[in-house]
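Dear colleague,

Please find below the sequence and structure that I am handing over to you. My notes on what was found follow directly after them.

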Amino acid sequence: MTTNESHVVDAEGANATTQDTNLLNNLDRMFSPTAQKETPKGRAARRNQPGLSGEPSERSVSLPPSMQMGATLKLHTHLAINLFRGRRGDRSKNIRQIVGMSLFARQAGLIWTAAKNDDPYADQCLIEIEEAHKRTKTLLDEREKALSELIEGLEGFEVDVQTCAEPLEIPLNFHSPWAYRSVLLLLQYDKIVRLGLTAHHVGFIGDAEWNDVITDSGRAMRNLFEEVNRWVFTNVTRDDIRKNTKVAKRAQGQYLEKKNNRLVIEDEVMEGTKRASIAPRNPDLEKYLSTKRTQHSVPSKHHPSQPEAQQDAPENTSSN
């Protein structure tokens, strides 16, 4: 990931600026060609300063390392950990696949890259992921609020929410922002499970209510994660679909084979006027939309209708 570099202003203001200016002037004088070109020691010193040597072959510029970001996820409950891991499917044993957070993050990264490369199906899938994220967030907020009010609503009776003495720490390095946003939902789900365990342990809720909390919240999380399975890597672009190329026909055929949760491109998404609130920059789409706006802004020549043409035409007079 890249970040915009910014200058930090020193709190001492003018004094720091003066000191920096004097330091730079001293370095300029110290390593100037006129001060060091006469001595071998001076030439050696200039060779060791990036950008100050007079010979191109002697220049050695040290570039800063690439920017990196690290993140760590801490989970307390087995239910949340299982949601992160997911489960592999096995058709021979009739075991259905459960898409976990790890697979969701990997697929979301591929979808993000495809949307950057002008795949309209990827843009449509990001929209579906965003809508599923909103639905899941709404449900989890309701569950967390209800359980928190239940546990904290008694005066003179304080209950500590259950925690794990050694939570599982998972390092994260995702390519898509939607993966990080979904991690926050997984953390919220982990908290809801802890709240539910606490409320069930002290008798605030029964078995049926506990099962409802876990079932509804877990199902919402799994539905969100499974959205990535609706997308298929086809390497298709909007231009392919507009021209109806072989790549477009093959992509359309692959999506037609997906009977369950088939991904259908909306007209606004295909046109590029509708995208997810968080989507990658798409240079090809930006160029296409810019060209289209330019064409629409050019005024068209006025062609008068037939009655107007006859009215504007000079009268023909004939002399006998």
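Helices and strands in these notes are DSSP runs numbered from the N terminus, a helix (H or I) having at least four residues and a strand (E) at least two. The model is a predicted one, in which local features need pLDDT of at least 70 and side-chain atom pairs count only at pLDDT 80 or more, while totals for chains, interfaces and linings use all residues. Residues are numbered from 1 along each chain as its sequence is written, and side-chain values use heavy atoms, with hydrogens and water left out.

Overall picture

The protein chain contains 13 helices and two strands. Of its 320 residues, 32% count as buried; buried means under 20% relative accessible area, exposed means over 50%, and partly exposed lies in between (1.4 Å probe, protein chains only). A contact means heavy atoms within 4.5 Å. Among contacts in the protein chain between residues at least 6 apart in sequence, 71% join residues at least 24 apart.

Confidence is expressed as pLDDT, the predictor's confidence in each residue, from 0 to 100. The average for the protein chain is 79, and 72% of the residues score at least 70. Two stretches deserve mention here. Over residues 1-21 pLDDT stays under 50, and the model has four contacts beyond four places in sequence for them. Over residues 44-57 pLDDT also stays under 50, with 19 contacts beyond four places in sequence. Where pLDDT is low, the predicted coordinates should not be read in detail.

Two packed helices are described by the angle between their axes and the distance between the axes. The axes are lines fitted to C-alpha atoms, for helices over the stretch in contact, and the angles run from 0 to 180 degrees between N-to-C directions. Angles under 35 degrees count as roughly parallel, over 145 as roughly antiparallel, 65 to 115 as roughly perpendicular, and the rest as oblique. A crossing is left-handed if the near helix is turned anticlockwise from the far one by less than a right angle, and right-handed if clockwise. For residue classes, Ala, Val, Leu, Ile, Met, Phe, Trp, Tyr, Cys and Pro count as nonpolar, Asp, Glu, Lys and Arg as charged, and the others, Gly among them, as polar.

How are H5 and H7 oriented to each other? Their axes are 8 Å apart at an angle of about 155 degrees, and the two helices are therefore roughly antiparallel. The crossing of H5 with H7 is right-handed. On the H5 side the contact involves Met101, Phe104, Ala105 and Trp112, which meet Pro177, Trp178, Ala179, Ser182, Val183 and Leu186 in H7. These residues divide into nine nonpolar, one polar and no charged.

H5 and H6 pack with their axes 8 Å apart at about 135 degrees, so they are oblique to each other. Their crossing is left-handed. Phe104, Ile111, Trp112, Ala114 and Ala115 of H5 make the contact with Ala122, Asp123, Cys125, Leu126 and Ile129 of H6. By class, this contact has nine nonpolar, no polar and one charged residues.

Helix H6 (residues 120-152) also packs with helix H7 (residues 177-201), at an angle of about 25 degrees and with the axes 9 Å apart. H6 and H7 are therefore roughly parallel, and their crossing is left-handed. The contact of H6 with H7 comprises 12 nonpolar, seven polar and seven charged residues.

Individual residues

Asp118 is found in the loop between helix H5 (101-116) and H6. Asp118 has a positive phi of about 75 degrees although it is not a glycine, and it counts as buried at 5% relative accessibility.

A positive phi, near 55 degrees, also occurs at Asn244, a residue other than glycine. Asn244 lies in the loop between H9 and helix H10 (246-257) and is partly exposed, at 42% relative accessibility.

Ser217 is placed in helix H8 (residues 207-225) and is buried, with a relative accessible area of 0%. Beyond its neighbours within four places in sequence, Ser217 is in contact with Leu139, Leu140, Arg143, Tyr189 and Ile192.

Glu226 sits in the loop between H8 and helix H9 (238-243) and is partly exposed, with a relative accessible area of 24%. Leaving aside neighbours within four places in sequence, Glu226 is in contact with Arg96 and Val99. The C-alpha atoms of Glu226 and Met101 are separated by 9.7 Å, the two residues being 125 apart along the chain.

With kind regards
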